[in-house]
Amino acid sequence: MELDQFTNILRARDQIMEARRKAGCDEVIYAGKSRKIIGLSCGRKNGNSEILLKEAAMGAEEFGIETEIIRAMELRVKPCNGCDACLVALSKGKIASCPIKDDDVEWILQKTVVEDCGLIVSFPVYYSRPNGYLMSINERMHATMYKHLEVLDKKNRVGGIISVGGSGPARTPLSLIQANMWVQHHHTVVDQIQVYFVGQAGAALEKKETMARAKELGRNVARAMIKPWEEVKYVGEETPISCPVCHCNILQVLDDSTSVVCPSCWVHGKISIENGKMKVKWDEWETTHSQWSLYGLYHHMDDLCQRRTAPSESKVKEMKELRKRYSDYGKIIRPDS
Ligand SMILES: Cc1cc2nc3c(=O)[nH]c(=O)nc-3n(C[C@H](O)[C@H](O)[C@H](O)COP(=O)(O)O)c2cc1C
């Protein structure tokens with residue numbers, strides 16, 4: 001079995017499962033029977049991204065799917081402060097827990113990442129990528145993900161992405177690919193849209209075609225939830241050169257100038273020009289073993305666990321000395337200083 005080589009994360013996973021059993025934590029079973037979609041809205045109350053999410057929810061409801069909406073902006077969302085507690089817990093095979101307790105992110109993650117349901121996330125684009133609410137929720141995911149490693153096996157879990165910009169394509173290039181980095185950890189994206197509105201909150205209502213497309217996105221997520229898993233396919237827009245995993249076409253050109261790689265999924269492709277048009281032949285093995293596949297995620301976490309093995313006492317002492325020079329250096333200023 002391909003995952004057998006990742007002994008560090010497999011050991012940690014088994015220990016965490018055992019600890020969860022002992023602690024009486026509920027098993028999360030993705031039976032593919034869920035008939036609920038959670039909509040995560042990261043934009044303004046009644047703003048454009050919320051309106052489109054609600055339209056998508058209405059589309060999904062046509063298929064008998066129940067929907068619930070979370071308004072991130074009305075909740076307390078703090079960013080990750082890099083304390084590393086979640087990663088240390090993972091590497092020791094312990095149940096991870098984020099020390100930030102005075103906000104609502106853990107609850108948001110429980111609903112969006114852990115619950116057995118479909119997911120549609122909608123957000124405004126700020127500075128060409130998803131706004132800080134989504135980015136903070138994304139960064140805070142580690143503790144939840146390490147506690148519930150079973151969510152990484154995305155079988156039977158599907159999602160959609162609605163990215164809402166106020167300008168045009170020049171101001172939104174990084175948003176879908178960035179949102180994919182979060183959603184693809186725990187859900188398979190079956191549809192995604194990048195839309196633009198010049199105007200105030202509510203401008204979406206005047207764009208009938210965009211509203212119809214959002215509703216279709218909701219239907220597409222619902223259809224995928226009802227289908228047998230083997231028949232689930234990506235049905236959103238893509239170009240002939242889109243990455244086969246995230247379906248975005250933000251490609252990094254490699255030094256050899258003959259290859260590209262998707263900077264999110266890390267799938268490589270060979271480029272050629274045919275009839276004046278660029279073509280990409282994507283690596284087949286990497287397509288099924290991308291960063292967001294179970295293989296790719298275990299590969300990464302195995303490496304993280306390996307690097308966390310306790311250093312020797314002399315190494316700890318040496319590092320403490322080296323770091324002292326920097327921890328003691330500099331005039332740190334604050335508003336109250
Ligand atoms: C701080 C800030 C930065 C923004 N940056 C971008 C941007 O880079 N590209 C873009 O297309 N729109 C940008 N916008 C516009 C919003 O994406 C747009 O107004 C969107 O409709 C807001 O969604 P909402 O109505 O759901 O809140 C920005 C808005 C704000 C407040």
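Which element supplies the largest share of the lining of the second largest pocket? The share comes from E6, with 5 residues. The model is predicted: local features need pLDDT of at least 70, side-chain atom pairs count only at pLDDT 80 or more, and totals for chains, interfaces and linings use all residues. Residues are numbered from 1 along each chain as its sequence is written, and side-chain values use heavy atoms, with hydrogens and water left out.

A pocket is an open set of points with protein on both sides within 12 Å along at least five of seven lines. A cavity is a set of points where a 1.4 Å probe fits but cannot get out. Lining residues have an atom within 4 Å of a point. Points are joined across faces, edges and corners, and a volume is the space filled by probe spheres set on them. Helices (H or I, at least four residues) and strands (E, at least two) are DSSP runs, numbered from the N terminus.

The second largest pocket has a volume of about 440 Å³. Its lining holds 22 residues, and Leu176, Gln194, Tyr196, His247 and Asn249 lie nearest the centre. Helix H7 (175-186), E6 and helix H8 (208-226) each supply at least two of the lining residues. By class, this lining divides into 10 nonpolar, 8 polar and 4 charged residues. Here Ala, Val, Leu, Ile, Met, Phe, Trp, Tyr, Cys and Pro count as nonpolar, Asp, Glu, Lys and Arg as charged, and the others, Gly among them, as polar.

E6 gives the most, with 3 residues.

The ligand is surrounded by 16 residues (a heavy atom within 4 Å), and the closest are Arg44, Asn48, Ser49, Val125 and Arg171. Polar contacts are pairs of N or O atoms within 3.5 Å. A ligand oxygen lies 2.5 Å from an N or O atom in the side chain of Ser49. A polar backbone atom of Asn48 is 2.8 Å from a ligand oxygen. For a polar backbone atom of Val164, the distance to a ligand oxygen is 3.2 Å. Taken alone, the ligand exposes 640 Å², and the protein buries 77% of that (Shrake-Rupley method, 1.4 Å probe). Helix H2 (48-61), strand E3 (118-126) and strand E5 (158-165) each give two or more residues to the shell. E3 gives the most, with 3 residues. The shell has 5 nonpolar, 9 polar and 2 charged residues.

The whole structure holds 3 cavities of 30 Å³ or more. The largest cavity has about 80 Å³ of space. Its lining comprises 11 residues, with Ser34, Asp116, Gly118, Asn156 and Met225 nearest the centre. The second largest cavity holds about 40 Å³. Among its lining residues are Ile37, Leu53, Glu68 and Ile120. Strand E1 (36-41), H2 and strand E2 (66-71) each give two or more residues to this lining.

An open sheet of 4 strands runs in the order E7-E8-E9-E10, with antiparallel pairing (at least two DSSP bridges between two strands). Strand E7 (252-253) and strand E10 (277-282) stand at the edges with a single partner strand each, so one side of each is left without a neighbour in the sheet. Strand E8 (residues 259-261) and strand E9 (residues 268-274) are joined by 3 bridges. Ser259 stands opposite Lys270 in E9.

Key: 1 Å grid on protein atoms, 1.4 Å probe; cavity = no way out; pocket = protein on both sides within 12 Å on 5 of 7 lines; lining within 4 Å. Polar contact = N/O pair within 3.5 Å; in protein donor to acceptor, adjacent residues only side chain to side chain.
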